[in-house]
Amino acid sequence: MAKNIYITAVEPNSGKSAIALGVMEFLIRNLKKVAFFRPIISVPGELKQNDNTIHLISDYYHLEQPYEDMYAFTLDQAKSLMADGKHAVLLEGILDKYKALESANDFVMCLGTDYSDISSAFEFDLNAEIANNLGCPLLIVSNARDKGLEEIEESCRFAVESFEEKGCDTLALIVNQVSIEIQEKVVGFLKNKLKNKVEQIYSVPYEPILGCITMSEISKALKTEILFGAKQMNRLVTRFTVAAMLLKNFLPRLTKGSLIITPVDRLDIILGTLAAFRSKTMPNIAGMILTGYMKPDYVLYNLLEGMSDIVPILKTDEDTFTTAKNVSELHSLIHADDPRKIALALGLFESNVDTTELRQKIVGFSVSFITPKMFEFGLIKRARHKKQHIVLPEGEEERILSAVEIILHRDIADITLLGNEQVILDKIANLGLDLKNPRIIDPIKSTYFQDYADTYFKLRKHKGITQDNANDVLSSVNHFGTMMVYKGHADGMVSGSVHSTRNTVRPAFEIIKTKTGSSKMSSVFFMCLEDRVLVYGDCAVNPNPTSELLAEIAIKSAETARIFGVEPFVAMLSYSTGTSGVGTDVDKVRKAVEIAHKLAPDLPLEGPIQYDAAVDSVVAKAKMPESKVAGKATVLIFPDLNTGNNTYKAVQRSAKAVAIGPVMQGLNKPVNDLSRGCTVVDIVNTVAITAIQAQAEKGLI
């Protein structure tokens, strides 16, 4: 098994940070401890800045290494050592830092230099020498931007043969930023031309959005004041326009994603631009920079403070010419706080690179254990494998829309949004989201509406529902979304960011109903602890389950665990272990164990057992030395909602565990509930979970 990989480009702006993201994604899914290392960073030491790629990888993947351990030298330090003839000192310093990471981790991913300041030939040689001294195979990233097939082949051949001459082992070649016109031809062409040179070759298409800077990047680089629109700083800038002409001549120059640079006293331009932004017939601009030493007019402040969903308006004391020059010199980066670009970069990588093939080449094996990081990052890959169609009834909620952008960019699922189409489109525009032709259904206007209402009437008329009642009920987005799942027009539903659990779950009870063998719906939480993933059931639905229902919950929770790659060892929890305890509560658990053994005789399941004996091997040896479950339980079933709900929240807060859920189980088709305090990441994870459940229902897992 390889212990490392060295990702290097052969020229500037090759997009190797995006490739590094993609490689780290599958490393994290397959290895317990992965480190990231940059031998040389381009940040000048005196600026006290962090290297952006280190910050990106470390933050996004929650790496534990201190920042200082993830690089050896700044570029200025390296140049100084080389100038003083201390080449050996440079290599020894890099090797010392690397070895410290290697000894503490299963794998070290190294990223080469940026070709930012010194000659390309020198930097090329330096990367080759570093890789050889670290014993790293190479993953070469080639920049194909604005190149034809022959140019790409020439560049790649030069890189591969040059590294080969220096004794490097090239493991794979990724051609990045390929024009869409030649995307399908590149790999076959290069494999033929580079036969016996490099085996794994992949191409990733050019994506304009990754080349666009955001308003946030501009503000940080130019150190501007944010006057308005602080919540929309992720807007993408496709071009900038200096507005120094009359308004009637300027407005026709506006394009989608324009950044307007204008003096702070040009109220006509400022107000005209904002009027254009509000117009449905004008392009959706990215924002404005107001230039000059003067303060904005109080009339402008009074006007803008009364406007909602306004684009970012920045203020700099620099003059217009200097500001335009500074903006023109900025290059797009992927930042740790930019989920849109991260999702897009990962989606492009995973859609165009055979990650299983590359992982086997780099790592060489599949693991049998599962860590929290593996679980979280594995959700998306599994959801994508057999893509499902998920309906989101809360289509007018901003967090939902932001999550959908990530879901679509990463190709996790097909999405239908429910709600007023114009309201949703306006919010997408105001948030600056990249959602092209989203699938939107307004329930009342839908061609499905009457059929759905008629079906609901037939399903519920025995409960006294009339046809008029059915029509009223189906105008509710949650009922409409649930009926989509029932009819097979969607594979699953996720709701609850603005609706109560009752309003999310009740339609599922009425329409989808529970599976044969399930008397009630129940739930689990996936508790991602520091070193393991545990499944807690039921902490969200059933207040005081009977022995029969507890047994059912245990079996269903084991099935859910297995669907998500957690091998089930089930502990039925109580306040006593084994035969030591007496009382109504412990007797209920004891009876539930007997029932579960009859229903699922091959399932590793024991109880009653206390929590410590279930998860701690030392306690287990003392209390239940012959047990096949004690000390290694992965599925823990709580005797009632009071115990389960408080325990999961205590563990979540005290152990800083990530709690994913509740994941509903026992229904004929998957419907999952969000908390009203959910984050965008929570929504993405829940959609992925729902998609995987839908795959399981269809026998695709």
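These are my notebook entries on a few places I looked up in a predicted model.

**Entry: strand E5**

I started with strand E5, residues 138–143. How many of its residues are buried? I found six of six, so the strand is mostly covered. I then checked the two faces. Leu138, Ile140 and Ser142 lie on one side, and Leu139, Val141 and Asn143 lie on the other. Both faces are covered.

**Entry: partners of E5**

Next I looked up the pairing. Strand E1, residues 4–9, runs parallel to E5, and four bridges join them. Within this pair I noted Ile7 opposite Leu139. Strand E6, residues 170–178, also pairs with E5 in the parallel sense, over six bridges. Here Ser142 stands opposite Val175. I followed the chain from E5 to E6. The path goes through helix H6, residues 149–165. This β-α-β crossover is right-handed.

**Entry: cis peptide bonds**

I turned to the backbone. Most peptide bonds are trans. I logged two cis bonds here. One joins Gly607 and Pro608, with omega about -5°. Pro608 sits in strand E22, residues 605–609. The other joins Gly661 and Pro662, with omega about 5°. Pro662 belongs to strand E24, residues 658–665.

**Entry: positive phi**

Most residues other than glycine have a negative phi. I noted two exceptions. Lys223 is not a glycine, yet its phi is positive, about 55°. I placed Lys223 in the loop between helix H8 (215–222) and strand E9 (225–228). Is Lys223 buried or exposed? Its relative accessibility is 73%, so Lys223 counts as exposed; the cut-off for that is over 50%.

Asp411 also has a positive phi, near 60°. Asp411 lies in the loop between helix H16 (398–409) and strand E16 (414–418). At 25% relative accessibility, Asp411 counts as partly exposed.

**Entry: Lys248**

Last, I looked up Lys248. Where does Lys248 sit? I found Lys248 in helix H9, residues 247–250. Lys248 has 65% relative accessibility and therefore counts as exposed. I also took a distance from Lys248 to Val186. The two are 62 residues apart along the chain, and their C-alpha atoms are separated by 46 Å.

Note on methods: Residues are numbered from 1 along each chain as its sequence is written. This is a predicted model: local features need pLDDT of at least 70, side-chain atom pairs count only at pLDDT 80 or more; totals for chains, interfaces and linings use all residues. Side-chain values use heavy atoms; hydrogens and water are left out. Helices (H or I, at least four residues) and strands (E, at least two) are DSSP runs, numbered from the N terminus. Buried means under 20% relative accessible area, exposed over 50%, partly exposed in between (1.4 Å probe, protein chains only). Two strands pair if DSSP finds at least two bridges between them. A crossover is right-handed if, with the strands pointing away from the viewer, the path from the first strand over the helix to the second runs clockwise.
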